Structure formats: C-alpha cells, structure tokens
Amino acid sequence: MAKVAIIGAGSVVFCKTLMLDIMATPGLEDTEFALMAPSKRRTPQVEAFAQRVIERNGLPAKAWITTDRREALDGADFVIATFQVGGVKGFEYDYSIPYQHGVDQCIGDTLGPGGIFRALRSIPVTMAMARDMEELCPNALLLNYVNPMAMICWALGKTKVQFVGLCHGVQTTMDLISGYVGVPKDEIDFTCAGINHMGWFLKLEHEGRDLYPLLKQRFEDPAYYVNEKVRGEALRQFGYFMTESTGHLSEYLPYFRKNQKALDLYCDEPGFGGATGAYYQWCKLVEDRFEGVDILADEPTALPSRSIEYGSYVIEAMVTGRRFKLNGNVINGGMIGNLPADCCAEGPIYVDRLGLHKTVVGDLPSQCAALNLTNINVQRLAVEAALSGDPEQIVHACALDPLSAATLTLKEIRDMAADMLEAEKQWLPQFEGKSIKSTPTIVVPEGIERAEVPVDPALAIMARFGELAG
C-alpha cells in the first residue's frame, strides 16, 4: 500500500480529481490518502466522498484527514502539494492592487506582480514542508501543483527533496493543435521544452510529416486566429507555438496588455481568453457560491476514466514500473543548453520504478530562449526575495517583470510593490517588520543650472561635435 499525502486537500475539486485518478489506476487501488489542510473547513467533504467511492467500488484504499502536516507526511511514499497560501483574499490583492497602479492582469498566478507575490507567500510554506519531508519521508517524491510553478520548483531545488512540478498546459495545448491540424492527438509526435507556461513545441509531426506548415497556415486564417490571438501572434512572429493560452501568455510578454489599444486588439476574448481579472473573478464566484456547501455531496461515485493530469501516471510508473513519459518541471541542470543550469525548466521526462529521468533537449532556438530568459530573470529575483526576506529584492523582481516594465516607471513599480507588501504582510512572515522604502519624486525646476560634476569624456566629445556641426 502506497501512502499519498495531499498537502492542501482543501482544494476540493482538484483533490477529488487526483484521488479518483489514483484509485482508478490498476495497481494503486489500495492507496492510503492522508488529506491535510490547515483547517477542517472543507476536508471532511473530501474524506466523506472518498469513503463513498471506496465502498461503492469495493476498494482496499483508505482516506483520512488531519490538520497536522507532519502527521500526513510521516512515512509517505508520495506527496502532492496543492495549497494556496492566502486563499482568495490574497489573490484579490495580487490582482486589485496592481490594477489600481495600472498593471492589467488576466490570471495573475504565474508571473507579473500577482505571480511574484503568490511566490513570496508560497515559498516559505514550501520550504517548511520540504524540511519536514527530509526528516519524515526522505525517499518520497513530491508532485508539485502549486503555482507559480517555476518559482516554487526553483526554491525546491535548494532542498534535498525529490520533486517534479506537474501542469496540464502541454496536454490541453495538444488538444488545440490536434483540432487545428485535423490529426488525432494521440497520433502527433512532438517535442516540447522551455519553462512552465512558456514551453515551445519544437517538433510537431504525424507519421514523419512536419505539421508546422499547416499549423502556421491555419493561423493566417482569421477564423482560426481569433481563437488564440496572443499565441497565434507569437507563433507568427517567433516561429514556434507555446503551451499557454492567450490569457496567460498575454501577461508574460510586454506586447499585449501594455495599453488599451493592445488589450482591445489581442485580449478581447471573454473569461480566461484575456479579460481583466478573469481568474480572480471566477475564484471569488466559486468561493461565494459554494461557501458552506458540500459540493461533492451529489458527485458520482463510480470510478471514471482517468483525467489528463499527470499525477496518477507518475505514481503508477514508480509503483508498478510501467514506464511513462511526461513534460515535467525540474531543475534544468543542462537539459536545455541555453537556459541557466539552476533555473526550473520544463521538458521531456521518463518515469519508471527507478524514478525520474530527464532527457537532453539541447539548445532552444535563440529567440525562444531569449523570451524564456525574460521570465527566468523575474523568477530568479522573486525566489531570492522569498528566501532572503529582503524587501528591496521584491522591487527588483517587479521591475524586471515584462508587463510591469511595459506599463509603469521604476518609481511607480516601487510604489505598487510597497502597497502589495503592506496589504499581504499577514502571509509574508519573512518580511515581518520590514517595508519597501519610498523614494520621492525629484522635480527639476525649469531653467535650473546643472551642477559642476565630472563629465563622461564620450559625452563631452559628442557635445563638442554637436557644437561644431551646428
């Protein structure tokens, strides 16, 4: 019997999906689930639902709840992290405060000021969990679903914990590509690599035929282009298709949300297709609608087909030896040659009874690596800020963020970060008693004379050349 500890089991629907996947997997029917959350506000729903599924299907599985993380982790074979520090209220600040300062986010959980502050809240909890794992279940594999994926996994790389970050961007994008090119998803051979939410489909083939010419042709047709304007435009300009949808991707690049003209042109799809604050509004709606309601009460208890989530397949491979290939998030370490070795990269990984096996992808096309690096720079600074507790590093991370930099001045970015730190300080213990220093606006009066200071020789020569030319 494998013990699976789910840390953040109050994520009711997602936790339910992962548990059903595992219980529906041959060889994992007897799994023990330790369901942990800081309170028992929602986990009793999950436990009761799991018991109904176990009884209905005659499974030897077990499920129990706890508020003690160490109890859940003790002796675990696998740990699944699904927590959200700060909940919907923290998410509200991630979205609303940047918006007040002029930064328009759609999702706000991966990059941008929202993603940075989500990382600042989540990394200390992640590191505490990792320390517990090193003591209580040192051989366990951590399956991380917590966002921002790359920043969380980058921090985990500084521990001794075995981990892989799991996302469904590759699987869902393959559904889209399949529809665009008219080839069944399972018949498409592909190589995808980069970083989480900005992985590049380097190869797309069907029976040896390159599918890229057809995909690019489709995106020149307005009827296709309108479905994914941002991803389509990135394909047209940079030559490769990415793993993340228009709403997400519009936040990671400086071109699509920097002003109203760009928003109207590229981000006019409703909901997660690009609308302002779409993900926060949806989370708030769900929170309000289902507060105090057992949303699993009427859920079917027959075991369904497994979902597209990688989790159960990874566990299956390690328990049974059935080999599985996925795109996972790990410390790069040379998997992708022209990305930093210490960053979190997403690429092809094989799993079997012996564990995780990264493949060597080589170099990404230069333009793809360059775009990834714009996000990696922010990730590095955000991780350093989360671990150091230095509030100035928050400013540095926000200043390098492509969307913030495209819309705000440096002082405006500093002011935004200061307001966010003040609003979210209850979830940021590493910054306790600290604040971001305010810098006054220096006003240069009209007609002021320049101070007598040493002049850059090159500038002096250029000024003299201007005088002579005049």
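Ala, Val, Leu, Ile, Met, Phe, Trp, Tyr, Cys and Pro count as nonpolar, Asp, Glu, Lys and Arg as charged, and the others, Gly among them, as polar. Keep that handy for these exercises.

The model is predicted, so to speak of a local feature we need pLDDT of at least 70, side-chain atom pairs count only at pLDDT 80 or more, and totals for chains, interfaces and linings use all residues. Residues are numbered from 1 along each chain as its sequence is written, and side-chain values use heavy atoms, with hydrogens and water left out.

**Exercise 1. Describe the second largest pocket: its volume and its lining.**

Step 1. A pocket here is an open set of points on a 1 Å grid over the protein atoms alone, where a 1.4 Å probe fits, with protein on both sides within 12 Å along at least five of seven lines; lining residues have an atom within 4 Å of a point.

Step 2. The volume is the space filled by probe spheres set on the points, which are joined across faces, edges and corners. For this pocket that gives about 400 Å³.

Step 3. Sort the lining by class and you get nine nonpolar, three polar and four charged residues.

Step 4. Helices (H or I, at least four residues) and strands (E, at least two) are DSSP runs, numbered from the N terminus.

**Exercise 2. Find which residues of α18 are buried, and where on the helix they sit.**

Step 1. Helix α18 runs over residues 410-424 and reaches 21 Å from its first C-alpha to its last, close to the 21 Å expected at 1.5 Å a residue (that is, 1.5 Å times one less than the number of residues).

Step 2. Buried means under 20% relative accessible area, with a 1.4 Å probe and protein chains only. Ile413, Arg414, Met416, Ala417, Met420, Leu421 and Glu424 pass that test.

Step 3. Look down the axis: these buried residues fall within an arc of 165°, so they line one face of α18. The arc is that of the directions from the helix axis to the C-beta atoms.

**Exercise 3. How many residues of α10 are buried, and what comes after the helix?**

Step 1. In α10 (229-238), seven of the 10 residues are buried, including Val230 and Leu235.

Step 2. Next comes glycine 239, with a positive phi near 95°.

Key: Buried means under 20% relative accessible area, exposed over 50%, partly exposed in between (1.4 Å probe, protein chains only).
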